[in-house]
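User: I am new to this structure. Please show me how to read its features, one at a time.

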Amino acid sequence: MTVADAQSVGETGFAAWSANPVLNSFGVAISEQVRQAFHDFPADNVAAIVVAETGGKIVGWTARDGDPDYISDLWVAPDRQGQGVGQALLEHAFALMKREGIEMARIATHAGNSGAIRLYERCGFRLVWRGMERSQAMQMDVEKVRLERPL
């Protein structure tokens, strides 16, 4: 990602979040907090983000923010979901991690985000934890799952 991509990355992430009825069911106030988080995160984490583009348009992105074995974000534009964009981004993250000598990849999502969980499991992740966790973007506790995948 480049600095010039930050706004598009944020818009793509928020569009993906907004299109998911499980994730956006928390109300307007939470939605505005999340919109701001999607605006701020790309600008503050340029080096951590990898984008997927089609025809010069950002259609998805992933980030490794925090621990080197942790995939903190995976967002795909709603009209591109189910077309392999998410899987391609994950495979790219796996390749980077392997080159860095990382043996296990970790990822997390909302426990009700069944589409993401199915994708992660198809990509080799296995559920290792389910419970309540603080969402920094939403500033509230939400039910989450954590998954791991050997590399």
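Analyst: Start with burial. A residue is buried when its relative accessible area is under 20%, exposed when over 50%, and partly exposed in between. Keep in mind that this is a predicted model.

User: Is R64 buried or exposed?

Analyst: R64 has 18% relative accessibility, so it counts as buried. Its place is the loop between β2 (57–63) and β3 (70–71).

User: Which partners does the side chain of R64 reach through polar contacts?

Analyst: Look for pairs of N or O atoms within 3.5 Å. The side chain of R64 reaches the backbone oxygen of P68 at 2.6 Å. The side chains of R64 and E100 are joined by a polar contact of 2.7 Å.

User: Which residues does R64 touch, leaving aside those up to four places away in sequence?

Analyst: A contact needs heavy atoms within 4.5 Å. With those sequence neighbours set aside, R64 touches A48, Y70, I71, S72, L96, M97, E100 and I102.

User: Now the backbone. What should I know about phi?

Analyst: Most residues other than glycine have a negative phi. Now look at Q139. Q139 is not a glycine, yet its phi is positive, about 55°.

User: Where is Q139, and how accessible is Q139?

Analyst: Q139 sits in the loop between β6 (126–135) and β7 (140–150). Its relative accessibility is 41%, so Q139 counts as partly exposed.

User: Let us step back. How many helices and strands does the chain have?

Analyst: The chain has four helices and seven strands. Their order along the sequence is α-α-β-β-β-β-α-β-α-β-β.

User: What does the radius of gyration say about the chain?

Analyst: Compare the value with that of a compact globule. For 151 residues, such a globule would have a radius near 15 Å; the chain has 15 Å, so the two agree. Along the principal axes, the C-alpha atoms fill a box of roughly 40 × 40 × 30 Å.

User: What share of the residues is buried?

Analyst: Of the 151 residues, 42% count as buried. As for the surface, the chain exposes about 8000 Å², and carbon and sulfur atoms supply 50% of that area.

User: What share of contacts links residues 24 or more positions apart?

Analyst: Take the contacts with a separation of 6 or more. Residues 24 or more positions apart account for 58% of them.

User: Last, how many charged side chains are there?

Analyst: The chain has 15 positive and 19 negative side chains. The centres of the two sets lie 7 Å apart.

Methods. Residues are numbered from 1 along each chain as its sequence is written. This is a predicted model: local features need pLDDT of at least 70, side-chain atom pairs count only at pLDDT 80 or more; totals for chains, interfaces and linings use all residues. Side-chain values use heavy atoms; hydrogens and water are left out. Helices (H or I, at least four residues) and strands (E, at least two) are DSSP runs, numbered from the N terminus. The radius of gyration is taken over C-alpha atoms; the globule rule is 2.2 Å times the number of residues to the power 0.38. Buried means under 20% relative accessible area, exposed over 50%, partly exposed in between (1.4 Å probe, protein chains only). Accessible areas come from the Shrake-Rupley method with a 1.4 Å probe; for residues, only the protein chains shown count as cover. Lys and Arg count as positive and Asp and Glu as negative; His and the chain ends are not counted. The place of a charge is taken as NZ of Lys, CZ of Arg, CG of Asp or CD of Glu. A polar contact is a pair of N or O atoms within 3.5 Å; within protein, one must be able to donate a hydrogen and the other to accept it, and residues adjacent in sequence count only if both atoms are side-chain atoms.
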